[in-house]
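Here is a short tour of one protein structure. Keep the sequence and the 3D view side by side as you read.

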Amino acid sequence: MDVLLGIDVGTSGVKTIALTSEGSVLASDSASYPLLTPRPGWVEQNPEDWWAAVVDTVRACLNRIPGGPSRVAAISLSGHMSSVVMVSSEGQALRPCLMLTDARGVEESRCLAERVEDKVRALTGGSVRAGSMAAKLLWIKRHEPEVYKNATAFLTAKDFVRMRLTGQACTEPTDAGNTMFLDPVTRQWAVDLYEEMGLDRKHLPRLIETTDLAGTITAEAARQTGLLVGTPVIAGGADMACSAVGTGCVEDGVVAVTIGTAAQVVTLAHKVDPGCAGRVSFHPHAFKGALYAMGSIFSGGLTLRWIRQAIGENDAVRSRSGSYYDRLSELAAEVPAGSGGVIFLPFLVGSGSPEFDPSIRAGFIGLSLASDTGDLVRAAMEGVSYNARDCLGVFREAGLPVRTLHMGGGGSVSKTWRSIMAGVLGGLIRPLANRDASAVGAAIIAGVGIGVLGSVSEASKKIVSFDEDVVAAPADVSTYDRNYRVYDMARNALKSVYRYRDSNGG
């Protein structure tokens with residue numbers, strides 16, 4: 001029994017990975033599911049879709065492991081953050097899950113801000129936002145009172161799946177830390193603040209630690225997944241906490257940049273800094289006594305997806321082989337650092353860190369008749385990298401050291417983007433060998449939970465591995481230093497333009 005299963009319940013699909021306690025990947029599988037948008041601004045998912053995807057991917061992995069389910073020592077989970085599932089006493093979801101990007105709680109967040117903003121900021125280092133779990137819970141209480149009345153608990157995505165595996169409803173600090181009413185230092189519910197928000201304490205799920213045993217596989221879960229009855233299930237964590245483990249962000253000075261659809265910049269922290277509220281956020285880490293600070297970039301790989309929609313298969317793209325994104329990366333590689341003077345502001349869905357502002361939008365500046373597709377693609381990659389540099393600046397202001405830079409996520413497949421990120425962030429990047437950081441982090445947590453691996457920190461250092469370091473040319477670093485200043489000036493200068501537009505109905 002040497003196999004650890006990590007299950008990542010993501011926003012677009014489930015990824016399950018089978019990892020040995022030495023870090024070898026024996027099998028992996030993924031399955032997707034839809035986002036539901038019943039009204040403008042509403043973003044939901046059906047929790048049963050998560051469960052179906054987990055069943056399929058777990059079975060697929062078990063079929064590829066020599067020895068099958070008898071080799072599985074433990075399971076743990078990762079899941080997307082700030083999702084809200086209201087469950088009944090029978091463990092059924094009473095309505096679709098409200099996702100992080102669901103914006104229906106705007107009015108509730110305004111009410112919360114008026115009442116408890118200062119307390120939330122002092123406790124968590126964050127500010128009240130419409131996407132918070134507290135705002136979503138208040139929306140359900142106001143608009144769906146029967147659901148609110150009949151629910152026995154609220155759970156997050158990975159908590160719901162774990163409940164289906166074990167029959168036990170509970171949560172843990174890394175997901176609870178996104179509610180706005182968990183003390184990230186004591187890792188306990190701030191019940192007084194919760195009730196001051198107007199919420200009912202009967203819905204607070206039982207809190208256990210991230211590496212605690214949450215339960216074991218039930219007979220029904222075994223029948224559906226193929227796992228053995230009694231297999232231990234460890235609590236697991238929020239996707240970014242698991243990603244911090246799976247990217248090696250478990251010691252001071254290590255910063256990981258992860259580029260998926262969005263992008264995140266994460267580093268270890270030891271205390272909340274209220275002065276960073278509204279710029280970066282602080283969350284409980286996967287192990288006691290630690291937090292992680294996170295910069296949020298809303299348009300990561302989304303920028304290249306947008307370019308695909310906007311440009312498509314033009315002559316420059318068609319002239320190359322490989323996948324569409326391989327061809328874009330090749331085009332960008334042929335352009336010198338600085339993209340011929342073109343700068344991209346990567347705010348397609350508004351700005352995240354270092355200034356959360358939904359009114360700000362993306363744009364190219366410095367275009368000329370000489371600008372071509374390669375310039376645009378490289379500028380887009382550089383723009384996301386400049387936004388990552390913004391996050392490092394906030395970390396340094398908060399006294400958080402920046403010494404070693406790791407890079408993961410789908411965007412790190414591109415050697416061009418690796419090189420750009422190295423140049424923009426200071427000269428050297430260590431790309432992850434396994435980019436499924438959240439699933440890897442969950443598997444590590446499973447091993448720690450049953451004692452097969454040591455501490456989370458020790459296990460992360462043992463398991464996480466890297467491709468060859470990427471070192472930027474000094475001339476590129478100098479070019480990016482200059483262009484970052486242009487990017488920064490352009491972003492600040494255009495704020496007034498966007499606000500004028502919004503105030504005048506543009």
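The report below covers cysteines, a sheet, and the spaces inside and on the protein.

This is a predicted model, in which local features need pLDDT of at least 70, side-chain atom pairs count only at pLDDT 80 or more, and totals for chains, interfaces and linings use all residues. Residues are numbered from 1 along each chain as its sequence is written, and side-chain values use heavy atoms, with hydrogens and water left out.

**Cysteines**

The structure has 0 disulfides. A disulfide here is a pair of cysteine sulfur atoms within 2.5 Å. Cys170 is in none; its nearest cysteine sulfur belongs to Cys242, 14 Å away. Cys170 is buried, at 0%. Cys391 is buried too, at 0%.

**An open sheet**

Strands are DSSP runs of E of at least two residues, and helices are runs of H or I of at least four; both are numbered from the N terminus. Two strands pair if DSSP finds at least two bridges between them. An open sheet holds 7 strands in the order 18-19-17-16-22-23-24, with mixed pairing. Strand 18 (281–284) and strand 24 (470–471) stand at the edges, each with a single partner, so one side of each has no neighbour in the sheet. Strand 22 (404–408) and strand 23 (428–431) run parallel, joined by 2 bridges. His406 has Arg430 of strand 23 as its bridge partner.

**Spaces**

On a 1 Å grid over the protein atoms alone, a cavity is a set of points where a 1.4 Å probe fits but cannot get out; a pocket is an open set with protein on both sides within 12 Å along at least five of seven lines; lining residues have an atom within 4 Å of a point. Volume is the space filled by probe spheres set on the points, which are joined across faces, edges and corners. There is 1 cavity of 30 Å³ or more.

| Space | Volume | Helices or strands supplying at least two lining residues each |
|---|---|---|
| Largest cavity | About 40 Å³ | Strand 8 (153–155), helix 6 (173–176) |

Residues lining the largest cavity include Met133, Phe154, Asp159 and Trp189. The second largest pocket has 18 lining residues; Glu90, Gly91, Met163, Arg164 and Gly167 lie nearest its centre.

Methods. Buried < 20%, exposed > 50% of the residue type's maximum accessible area, 1.4 Å probe, protein only.
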